[in-house]
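Walk through this model one region at a time.

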Amino acid sequence: MLYEIIKGSKIAEPKITAIVPVYNVISYIDETINSLLNQTLKDIEIILVDDGSTDGSFEKIISYGEKYDNICVAKEPNAGPGMARNNGLSIAKGKYISFVDSDDILPERALEIMYEAAEREQVGIVTGISVSFNNSRSWFIGGHFKKGVFKRGRKTLLQNPEMLYTLGPCNKLYRRDVVQDIRFPDSIKVAEDHPFVIEAYLKSNNIYTVDEIIYNYRAREDVGDISLSQIVTADPYASFKDIVASIKLSDVLFKQYVTNPVALQKIRIDYYDRIIATDIWPAYKGILLNGNAETQTKMFEAFRDLLDSMDFHLFNNLGVFQRLLTFETINRYTFIKETARPSYLRALRLAYEKLDPGSLNKLLTSDFPKEVRAGEKAAKRNSVKPIYNRLVARKLGATIAAGFESVIVQNWKKLVGISRNFYARRIAFPLYKLAKKQRKVVFLTNKHVELSDSFKAVYDELILQKPDYQVVGYLKQPQRTILELLKMYKDIATAEYVFLDDYYRQIYGLTLRKDSEVIQLWHAAGAFKKFGFSSIGYADSNTESFERNAHQNYTKVVVSSSEIVPFYADAFGVDEKNVLPLGVPRTDRFFNEEYKTYIKTVFEGRYPALKNKKVITYAPTFRGGPGERQQFIMNLNIRRLAEQLGDEYVLVLKMHPSVVSGVGIPFDLQEFAFNMSSEDINDVLINTDILITDYSSVVFDFSIMEKPVLFYAYDLENYLGERNFYYDFEEFVPGPIVRTNDEVIRAIKANDFDLDKVRAFKERFFDDLDGNSAERIVKELIK
């Protein structure tokens with residue numbers, strides 16, 4: 001786009017060039033320019049680019065240019081703020097670049113603060129705190145603080161994906177060599193700044209955030225006088241088109257700059273999640289509630305195209321997009337114009353085709369499971385009738401429906417004397433078994449609400465290797481309706497393969513069909529504490545009849561090595577020939593160098609105190625029965641460790657999932673100790689230098705990386721009576737055994753760990769050290 005320099009600046013080597021696109025802002029431009037002229041930092045070049053103003057704004061900035069030597073004035077035909085910024089970049093001479101919108105205001109020290117930070121930290125981009133204001137008040141931007149955007153310190157986009165929540169160009173200072181070859185797209189006016197800022201983030205790869213207010217965004221209040229950031233509300237369809245175009249441009253940049261495939265997948269997930277939640281969502285609601293049939297049709301077609309462009313893994317990590325396409329739209333279905341409904345149904349069908357069992361289960365645990373089921377039926381039948389039926393039932397009123405259901409259930413129990421579980425298990429299930437077996441794989445777990453650990457790895461391989469199989473998942477849910485129970489037992493009764501990862505009470509005592517394979521992918525590697533039939537007689541054990549009901553259907557058990565085959569055969573009461581040492585799929589990531597590199601980068605961004613420190617992770621197992629194990633009594637003295645080891649180490653606490661309380665970190669030690677119990681255990685282990693554990697099977701997983709292990713067995717004798725082990729504990733473990741805090745500290749300081757012993761331990765308990773367990777399981781077992 002051609003532009004004309006009306007008046008150049010006379011400042012030769014400015015520290016900062018501030019670029020201001022100007023379009024019909026006669027009411028605000030004085031305040032903006034004066035906030036720049038009054039900056040405490042001197043040697044600032046101000047470039048004012050008029051974008052075809054018709055309200056006197058151009059004449060106003062000319063008057064400023066004539067008065068001040070450091071002001072440059074340029075003019076272009078109306079093309080939008082992106083092009084005005086591009087033209088300003090072509091003119092700029094400063095070492096650093098700042099963008100300022102022509103209705104906003106900078107605090108007087110803003111540029112000085114950012115300039116000093118840029119010079120001190122030697123980074124490509126500096127950001128700071130932004131504030132919104134109008135004629136009566138000012139306020140912090142809640143989403144920024146909620147995401148931790150303005151937490152002080154050094155960052156990168158991959159380490160700190162929360163920076164995706166500040167994609168406006170104006171609250172930042174850019175080193176000119178970072179952005180001099182980057183340009184704003186000239187074809188869109190909403191979200192046109194996203195590709196520019198994203199490329200600057202990725203190209204710079206070092207960002208510093210100051211915790212001071214450096215920018216004031218104006219929220220205009222006059223009718224007919226709105227800023228570009230308010231266009232989404234005023235013209236949602238135009239905004240929607242631009243946002244979708246911006247997504248496509250940004251996606252190309254991620255693929256261009258991010259070479260680690262694991263990091264690329266994760267940053268795309270973070271980006272799509274952010275853009276859909278904060279930009280598409282408001283435009284979508286505007287179109288849905290106020291749009292005409294044509295714009296609604298175009299929107300749903302665009303949704304389908306966007307969904308079609310997403311790979312399977314990307315979509316199944318975008319919960320907000322799944323919710324939008326399912327119950328959020330179904331709840332507003334009456335707003336969809338008649339001729340637009342077929343377009344919505346096409347998008348809905350594709351959404352349910354791509355949903356994995358874990359994503360579907362998460363939708364079913366929302367506040368609208370009936371709407372989710374209605375959408376599923378509509379997609380399968382290619383008919384909107386199930387959605388109509390759900391809306392009609394809802395309109396009749398929950399009271400009527402609940403009363404009707406209550407009468408049926410009460411009379412059913414009185415007449416038949418059975419519960420819904422009894423009916424589903426004892427009456428329906430045997431009938432379902434008479435049906436023909438189907439090419440179906442069923443995952444059953446009460447541990448997770450979504451596919452994770454070994455289930456996720458095996459599921460991904462199933463999709464690759466066996467796309468002709470139907471895959472169904474029944475994961476952790478608070479409660480299922482009678483219809484959902486019937487569907488679950490029908491799928492179990494007709495499945496060719498059933499996968500478990502632990503005890504699954506819903507099939508206790510049932511006899512599954514003889515021509516189905518029931519495969520136990522036990523959640524723990526190796527063989528440490530006794531379990532199943534092997535633990536009968538110890539304090540923390542079940543009865544023999546309980547264990548028989550729990551394990552009677554297993555046809556195959558998958559373990560990590562040949563050595564432990566007899567232990568698992570005994571624990572589950574199966575023939576040794578059916579215990580197969582194929583590996584533990586959730587440990588495959590320990591062999592993925594790209595994944596490990598990415599996770600280390602993420603943790604450094606999430607926990608900056610880990611940088612340049614060695615990480616000690618304390619990962620004990622639980623104690624006692626189900627009631628006792630929720631409360632963990634911490635016998636590790638965090639303060640003592642901080643005093644003795646704090647200069648070189650940090651401490652991570654990773655409690656067993658059964659533990660829900662009893663773990664606290666004193667306020668003054670929160671730069672030394674971190675409770676990461678909510679983090680994935682494998683990700684924590686990847687970032688661990690020394691593991692402290694006790695009787696946990698986590699030692700098997702950790703041994704794969706051949707790092708030091710310390711066994712803090714302060715209650716060994718008690719635990720022997722509670723569970724006991726398959727091996728002599730003191731001869732078996734691949735690291736020092738300590739019983740007091742002082743011994744823990746001495747062992748870490750001495751750093752006298754026998755890694756050859758750890759290596760031998762690893763090779764003993766893993767037959768195949770190749771990271772291909774999931775691939776092997778699907779290839780060997782799904783015939």
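Why is helix H15 (residues 357-364) largely enclosed by the rest of the structure? Seven of its eight residues are buried, so the rest of the structure largely encloses H15. Buried means under 20% relative accessible area, exposed over 50% and partly exposed in between (1.4 Å probe, protein chains only). Helices (H or I, at least four residues) and strands (E, at least two) are DSSP runs, numbered from the N terminus.

This is a predicted model, where local features need pLDDT of at least 70, side-chain atom pairs count only at pLDDT 80 or more, and totals for chains, interfaces and linings use all residues. Residues are numbered from 1 along each chain as its sequence is written, and side-chain values use heavy atoms, without hydrogens and water.

The buried set in H15 is Pro357, Gly358, Ser359, Leu360, Asn361, Leu363 and Leu364. Their packing partners include helix H14 (341-354), helix H20 (453-465) and strand S12 (470-474).

H20 leads on to helix H32 (residues 773-781). The two pack at an angle of about 55°, with axes 9 Å apart. Axes are lines fitted to C-alpha atoms, for helices over the stretch in contact, and angles run from 0 to 180 degrees between N-to-C directions. Ala457, Val458, Glu461, Leu462 and Gln465 of H20 meet Ala774, Glu775, Val778 and Lys779 of H32. Contact means heavy atoms within 4.5 Å.

Now turn to Arg639, in helix H25 (residues 638-645). Arg639 is partly exposed, at 36% relative accessibility. Leu669 is 30 residues away in sequence, yet the C-alpha atoms are 7.2 Å apart.
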